[in-house]
Amino acid sequence: MILRRVIAHFRKQEWTAIAIDFVIVVAGILIAFQITTWNEDRATRASEREYLERLHSDVLELTDRRAGYDKYRPITVKALELLTDFTNGYRDDLSEMRAYVLKELPALEQRPEVLDSYLCNYIDWSSALTVPPSELPTAMELISAGRVDRIASEEVKLALLSYLQQARRSQEYNSAQVLRITNISAEFPDLFQIRYPLGVDLATAEGESYPAYVCDYDQMRRNNAFLNALNVNRSIYTQYFRRGVAPASEQLALLHVAIDEALGVAHAADAQSAP
């Protein structure tokens with residue numbers, strides 16, 4: 001209809017009317033384009049928020065799954081340092097190690113039989129280089145589908161890619177370290193007694209059950225092959241935590257902060273720490 005009207009005005013050389021019709025047509029096109037753009041932007045923002053909320057949920061779950069690694073691995077690092085100081089002959093007894101473990105795990109104060117087993121068991125734990133979970137399903141979906149650009153926040157994208165890079169680097173590092181570790185109780189069985197005592201509950205506060213460990217520390221301190229293996233394990237375990245566990249957890253925490261800021265989320269702990 002507009003086109004017929006423009007043609008009619010053109011034939012009559014009604015230039016003012018033609019200009020008005022032209023403005024109407026252009027304005028209509030611009031408005032339609034603007035509405036389309038607005039709808040696309042709204043859909044993009046909705047899609048981004050959906051992905052951010054899913055990422056946030058993944059990060060919370062993964063942080064919870066890694067919590068045990070972040071809490072107990074540094075305790076093992078320090079306990080092994082104090083233990084090897086003793087077995088190497090730099091300390092006369094395990095009193096400092098005992099005090100440290102009790103400070104970090106006060107529930108053992110009432111369970112001396114479990115505490116003694118713990119002190120010995122740290123030798124075996126020096127070979128426990130389990131790889132922490134690191135998967136973020138939503139991130140994998142975004143990358144595999146080529147949809148990372150759905151996240152408009154540059155801070156979130158940078159934090160996400162940094163975390164994924166660090167997680168991959170940590171996994172590769174840990175996989176290499178596992179090949180160097182020694183299962184000491186299996187390698188030196190005569191230096192340990194490992195049993196489940198009849199009628200004694202050795203379950204931890206987390207419900208995990210371990211056999212009771214008794215170490216022959218006198219023989220350990222005289223056995224050069226054992227000392228070599230334990231000291232190497234201590235070094236490997238320390239680097240396993242510092243390079244294979246902690247950096248990925250730190251990057252995950254930074255990703256969490258970036259997503260919280262993008263979503264405008266404030267956690268209860270954040271609110272309590274605010275001035």
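The following legends describe close-up views of a predicted model.

**View 1. Helix 6 packs against helix 9.** The axes of helix 6 (residues 154-178) and helix 9 (residues 224-244) come within 9 Å and cross at roughly 170 degrees. Because angles over 145 degrees count as roughly antiparallel, helix 6 is described as roughly antiparallel to helix 9. Helix 6 contributes Gln-166, Ser-170, Tyr-173, Asn-174 and Gln-177 to the contact, and helix 9 contributes Ile-236, Gln-239, Tyr-240, Arg-243 and Gly-244. Of the residues in this contact, three are nonpolar, six are polar and one is charged.

**View 2. A salt bridge joins Glu-53 and Arg-49.** The structure holds nine salt bridges, and in this one the N to O distance is 3.2 Å. The two residues lie four positions apart in helix 2 (residues 15-87), so about one helical turn separates Glu-53 from Arg-49. Glu-53 is partly exposed at 42% relative accessibility, and Arg-49 is partly exposed at 40%.

**View 3. A salt bridge connects Glu-141 with Arg-54.** The closest N and O atoms of the pair are 2.4 Å apart. Glu-141 belongs to helix 5 (residues 137-144) and Arg-54 to helix 2; the pair links distant parts of the chain, 87 residues apart. Glu-141 has a relative accessibility of 28% and counts as partly exposed; Arg-54, at 30%, is also partly exposed.

**View 4. Glu-104 and Lys-103 form a salt bridge.** Their side chains meet at 2.7 Å, N to O. Glu-104 is partly exposed, with 29% relative accessibility, whereas Lys-103 is exposed, with 57%. Elsewhere, salt bridges with shared partners join Asp-85, Arg-91, Glu-96 and Arg-234 into one network.

Methods:
Residues numbered from 1 in each chain as written. Predicted model: local features only at pLDDT ≥ 70, side-chain atom pairs only at ≥ 80, totals over all residues. Heavy atoms only, no water. Axes fitted to C-alpha atoms, helices over the stretch in contact; angles between N-to-C directions. Parallel < 35°, antiparallel > 145°, perpendicular 65-115°, else oblique. Contact = heavy atoms within 4.5 Å. Nonpolar A, V, L, I, M, F, W, Y, C, P; charged D, E, K, R; others polar. Salt bridge = Lys/Arg side-chain N within 4 Å of Asp/Glu carboxyl O. Buried < 20%, exposed > 50% of the residue type's maximum accessible area, 1.4 Å probe, protein only.
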